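Then follow the stops below, one selection at a time.

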Amino acid sequence: MTDTLVAAPATTAEPAGLHRAMKPRQLVMMSLGGAIGAGLFVGSGAGIAVAGPAILISFLVAAVLVVFIMRMMGEMAAANPASGAFSTHTEAALGPVAGRTIGWLYWIQVIIVIAAEATGAAAITAVALPGVPQWASALFYMVVLTGVNLVGVKRFGEVEFWFAAIKITAIVAFLAVGIAMIAGWMPTFDTTGFANLTAHGGFAPTGIAGIAAGLLIVVFAFGGTEIIAIAAAETSDPRRNVGRAVRTLVWRILVFYIGSVLVMVTILPWTSDDLATGPFVAVLQAGAVPGAAAVMTVIVVVALLSSLNAMLFSASRMIFSLSQRGSAHPAFGRTSKNGVPRNAVLASVAFGFIAVGLNYAYPDKVLPLLLNAVGSTILVLWTFVAVSHMVLRRRARRDGTEDTLPLKMWGFPYLSYATLGLLAGIVILALFDSAARTQLLATGALTAAIAGTCTVLHRRKTEAMSLR
């Protein structure tokens, strides 16, 4: 285990049985698609409902935060690619208890997200195809994507490549239609220009409170981008490919997120009920685009399944890494001939299959419960990333290896402190919101429980080794 942030040589060996079979185009496309999920297709409407057009400010603040976090994560991953990614880097920076705590917290979060994504996709399918039970769709999706993750990282990367391509094509088409509607080029829509940005109570009709509430909603929309750091360990040239993927983050967020939301609040009044429940469909239907509802239904299901697929990959690699570091059963650290940690994949997907059974018994209650359980874990993860990066970067500067880093965080340490300040501000805002406060406290309790368990196990292991 390295204890500093030193660039790995270009000939770094494959990590403990995993294959470096993911192609550069797959990682880059995965990074493009990683920021396009249900948070954009569905969650953006909820944000607009509480903040009005000023949700653009909420998205901009959240975007700045995630760009800084991903730059830090990218710096550490490019220097030392590992299947445990930020968990491994935290362990190097803050010690084994901290690293394993964040690793287990992330794994728990992700297996819940896997179940939630399968449930969400199945719920939408049940509406579109009333004859198909929700549990049956969830089971089908779980089986297929488990198979995708078991056949090898190259096949996984190809499936995720096409998932991402579909999402990106949909967003680009939406932006093109939206621009045409705003410019008055569509005869089926009477444009009002940019009047909706200031009508109906002004640009910020609910004031600072609305922007803050919107921020709490949209900040979680960017979860999933961390797959870039995790997948780096299975690419042929992680130093180059991670840097390439992270550098595209800024423009893709500006185009896909900010651009899409700007189109939404420009074309329709922010008070529109349709905009709150289905923003993409609402805009396309306003332009009388034929088949808009059906097409967007398919796109949202693809986005959910893409997230499920990527999260299963991330979860399996995290528990694989924990096993390699002695924090999980050795069985999860074994790989098959095709370089897949099969036991880790099966362990990571098990809760999703349990959720299928819950879908059969309680089809309308599972998804809200799962989404609430995920809580605020992303804030804990990002905080660990920021602190670990600062420790490792200072260590590299002290050791004289800073100049060898293939990718660097801008404006260190000032922008790093700014990142921690933004995270602290979001936590403070969450404490004043009853629902967010409950999630934050639940996440704090879960983190403390995991840390306590990791501390006890680490001490026992240390004592056992000292007696040998």
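Is Ala 85 buried or exposed? Select Ala 85 and find out. Ala 85 is buried, because its relative accessible area is 0%. Here, buried means under 20% relative accessible area, exposed means over 50%, and partly exposed lies in between, with a 1.4 Å probe and protein chains only.

Two notes before moving on. This is a predicted model, in which local features need pLDDT of at least 70 and side-chain atom pairs count only at pLDDT 80 or more, while totals for chains, interfaces and linings use all residues. Residues are numbered from 1 along each chain as its sequence is written, and side-chain values use heavy atoms, with hydrogens and water left out.

**Stop 1: the whole chain**

Zoom out and colour by secondary structure. The protein chain shows 19 helices and 0 strands. The radius of gyration is 22 Å, close to the 23 Å from the globule rule for 468 residues, so the chain is as compact as a globular protein of that length. That radius is taken over C-alpha atoms, and the rule is 2.2 Å times the number of residues to the power 0.38. Helices (H or I, at least four residues) and strands (E, at least two) are DSSP runs, numbered from the N terminus.

Along its principal axes it spans about 80 × 50 × 40 Å. Of the 468 residues, 56% are buried. Contact means heavy atoms within 4.5 Å. Among contacts with a separation of 6 or more, 82% are between residues 24 or more positions apart.

**Stop 2**

Go back to Ala 85. It sits in the loop between α3 and α4.

Next, select helix α4, residues 86-94. How many of its 9 residues are buried? The count is 8, and the helix is mostly covered. Among the buried ones are Phe 86, His 89 and Glu 91. Show the surrounding helices too. The buried residues of α4 pack against α3, α5 (96-128), α9 (227-231), α14 and α17. Then click on Gly 95, which follows α4. The phi of Gly 95 is positive, near 105 degrees.

**Stop 3: helix α3**

Select α3, residues 55-79, and pick Ala 63 within it. Ala 63 counts as buried because its relative accessibility is 4%. What does Ala 63 touch, leaving aside neighbours within four places in sequence? It is in contact with Phe 222 and Ile 253. Now draw a distance from Ala 63 to Leu 254. They are 191 residues apart in sequence, yet 8.0 Å apart in space, C-alpha to C-alpha.

**Stop 4: aromatic pairs**

Show the rings of Phe, Tyr and Trp. The whole structure has 8 aromatic pairs. Rings (for Trp, its six-membered ring) pair if their centres lie within 6.5 Å; planes under 30 degrees apart count as stacked, over 60 as edge-to-face and the rest as tilted.

Start with Phe 68 and Trp 410. This pair is edge-to-face, with 6.3 Å centre to centre and 65 degrees between the planes. It links distant parts of the chain: Phe 68 is in α3, while Trp 410 is in the loop between α17 (377-399) and α18 (414-431), 342 residues away. Phe 68 counts as buried because its relative accessibility is 12%. Trp 410 counts as partly exposed because its value is 34%.

Move on to Phe 156 and Phe 313. These rings are stacked, 4.4 Å centre to centre, with 5 degrees between the planes. Phe 156 lies in α7 (residues 153-183) and Phe 313 in α14 (residues 292-324), 157 residues apart. Both Phe 156 and Phe 313 are buried.

**Stop 5: loops**

Select Phe 412 and Pro 413. A cis peptide bond joins them, with omega about 5 degrees. Pro 413 is in the loop between α17 and α18.

Jump to Ala 288, in the loop between α13 (279-286) and α14. Ala 288 is not a glycine, although its phi is positive, about 55 degrees. Ala 288 counts as partly exposed because its relative accessibility is 46%.

Finish at Ser 272, in the loop between α11 (249-267) and α12 (273-277). Ser 272 counts as buried because its relative accessibility is 19%. Ser 272 and Ala 282 are 10 residues apart in sequence and 8.9 Å apart in space, C-alpha to C-alpha.
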